[in-house]
Amino acid sequence: MKFIPHGKLSASIENNIFIIDGTGPWNKEALEQASREFSALHQQLYGTKWGVLVLTHGDPIHTPDASHLLIDAIKTDKRHGRISTALVVKDCDDVKFAKIHIRDIYHKAGENLQFFENEQSAKHWLQTQLSAAQ
């Protein structure tokens, strides 16, 4: 059964950082739509060492099928140079639960994940990770 996409996502690239700005929660359909929209953009990074900065608003929760889709997408990205993810949780009702939920998804994908209070410190950490990977 198909549902209307729930949650919003936008993306951009800054240096070797793929930046995702999203308002959750998200279902599988929202992630599938984002994948179609951002595929050409983020595949520009394939073949290099690159990181991901995720800026979340609202509750950064994924439905179970969306979680599985995200795990598979991260695993694919890792085969193409993705090395780390920095995540900033904003405007969330239950930050502790959100971090547990997200950490579980990224752990299952084998991704190096860190949480940050702000975008600047997250970018700094990613740049350090990228420099170390060169």
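This is a predicted model: local features need pLDDT of at least 70, side-chain atom pairs count only at pLDDT 80 or more; totals for chains, interfaces and linings use all residues.
**View 1. Helix α3 and its buried side.** Helix α3 covers residues 95-108. Five names make up its buried set: Ala 98, His 101, Ile 102, Ile 105 and Tyr 106. These residues cover an arc of only 125° around the axis, which puts them on the same side of α3. Their cover includes β3 (50-62), α2 (64-78), β4 (82-90) and β5 (112-116).

**View 2. The opposite face of α3, and what follows the helix.** Lys 96 and His 107 are exposed. Both sit on the face of α3 turned away from its buried side. After the helix comes Gly 110. The phi of Gly 110 is positive, near 75°.

View 3. The 15 residues of α2 should span 21 Å at 1.5 Å a residue. The distance between its end C-alpha atoms is 21 Å, which agrees. Buried here are Ala 66, Ser 67, Leu 70, Ile 71, Ile 74 and Asp 77. The face turned away from the buried side carries Pro 64 and His 68, both exposed.

**View 4. Helix α1 against α2.** Two packed helices are described by the angle between their axes and the distance between the axes. Here the axes of α1 (residues 28-42) and α2 come within 9 Å and cross at roughly 20°. An angle under 35 degrees counts as roughly parallel, and α1 and α2 are therefore roughly parallel to each other. Their crossing is right-handed. From α1, the contact uses Lys 28, Leu 31, Glu 32 and His 42. From α2, it uses Asp 65, Ala 66, Leu 69, Leu 70 and Asp 77.

View 5. Leu 70 is part of helix α2. Its relative accessibility is 15%, so Leu 70 counts as buried, the cut-off being under 20%. Leaving aside residues up to four places away in sequence, Leu 70 touches Leu 31, His 62, Ile 105 and Tyr 106. Of these, Leu 31 belongs to the α1 side of the contact between α1 and α2. Ile 105 and Tyr 106 are among the buried residues of α3. Pro 60 lies ten residues from Leu 70 in sequence, and their C-alpha atoms are 13 Å apart in space.

Conventions:
Residues are numbered from 1 along each chain as its sequence is written. Side-chain values use heavy atoms; hydrogens and water are left out. Helices (H or I, at least four residues) and strands (E, at least two) are DSSP runs, numbered from the N terminus. The expected span of a helix is 1.5 Å times one less than its number of residues. Buried means under 20% relative accessible area, exposed over 50%, partly exposed in between (1.4 Å probe, protein chains only). The arc is that of the directions from the helix axis to the C-beta atoms. Contact means heavy atoms within 4.5 Å. Axes are lines fitted to C-alpha atoms, for helices over the stretch in contact, and angles run from 0 to 180 degrees between N-to-C directions. Angles under 35 degrees count as roughly parallel, over 145 as roughly antiparallel, 65 to 115 as roughly perpendicular and the rest as oblique. A crossing is left-handed if the near helix is turned anticlockwise from the far one by less than a right angle, and right-handed if clockwise.
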